[in-house]
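Here are my notes on this one, point by point. Have the model open while you read.

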Amino acid sequence: MLKRIIPPLKSFIFDPLEARALARLSCLQAPGGALDQAGALVGLGRALADGLAEELLKRLPFRSLYVPQPVAAPAWTPPPEKPAASNRYQSMTVVALKAEARKRSLPVRPRVKKSELIAALVG
């Protein structure tokens, strides 16, 4: 029984409300309506602000303010090439370098810098 009552009741209540809401919205969105007028006012405000800023730049002594000058950056040059053996050793860890030095029966201290190990292995 409720199924028969609810659809007519729903259309009785919501259809007039929907029609009135669409009528109100259509007058807002019509050409020359409130949305067009708001857009025109925003455009006018932007134009006035741009004109005012341009006029201020012409008339006021803004030239005395600090204006940074661009500085040209030097061109990038690739780093100098290193010998192939050195490149291979650069990617290794200190533990791997110590193992390589032990394989070649070079003396290895417990605390040693990576650069010293590479110099010993290359030279």
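This is a predicted model: local features need pLDDT of at least 70, side-chain atom pairs count only at pLDDT 80 or more; totals for chains, interfaces and linings use all residues.

1. Burial is worth a look next. Of the 123 residues in the protein, buried ones make up 7%. As for contacts between residues at least 6 apart in sequence, 22% of them join residues at least 24 apart.

2. Helix α4 covers residues 94–103 and helix α5 covers residues 114–122. Their axes lie 10 Å apart, and the packing angle is about 30 degrees. Because angles under 35 degrees count as roughly parallel, α4 is roughly parallel to α5. The crossing of α4 past α5 is left-handed.

3. Which residues make that contact? From α4 they are V94, L97, K98, E100 and A101, and α5 brings in K114, L117, I118 and L121. By type, the contact of α4 with α5 has six nonpolar residues, three charged ones and no polar ones.

4. How many salt bridges does a search of the whole structure find? It turns up three, and I'll take them in turn below.

5. E55 and R59 pair through their side chains, with an N to O distance of 2.4 Å. Both residues sit in helix α2 (residues 34–59), and since they are four residues apart there, about one helical turn separates them. How exposed are the two partners? E55 is partly exposed at 32% relative accessibility, while R59 counts as exposed at 68%.

6. E100 turns up again here: besides being one of the α4 residues in the contact with α5, E100 forms a salt bridge with R104, at 3.7 Å from N to O. That value falls within the 4 Å cut-off for a salt bridge. R104 has 38% relative accessibility, so this residue counts as partly exposed.

7. The remaining pair to go through is R109 with E116, whose side chains meet at 3.0 Å, N to O. With 36% relative accessibility, E116 is partly exposed.

Definitions and conventions:
Residues are numbered from 1 along each chain as its sequence is written. Side-chain values use heavy atoms; hydrogens and water are left out. Axes are lines fitted to C-alpha atoms, for helices over the stretch in contact, and angles run from 0 to 180 degrees between N-to-C directions. Helices (H or I, at least four residues) and strands (E, at least two) are DSSP runs, numbered from the N terminus. Angles under 35 degrees count as roughly parallel, over 145 as roughly antiparallel, 65 to 115 as roughly perpendicular and the rest as oblique. A crossing is left-handed if the near helix is turned anticlockwise from the far one by less than a right angle, and right-handed if clockwise. Contact means heavy atoms within 4.5 Å. Ala, Val, Leu, Ile, Met, Phe, Trp, Tyr, Cys and Pro count as nonpolar, Asp, Glu, Lys and Arg as charged, and the others, Gly among them, as polar. Buried means under 20% relative accessible area, exposed over 50%, partly exposed in between (1.4 Å probe, protein chains only).
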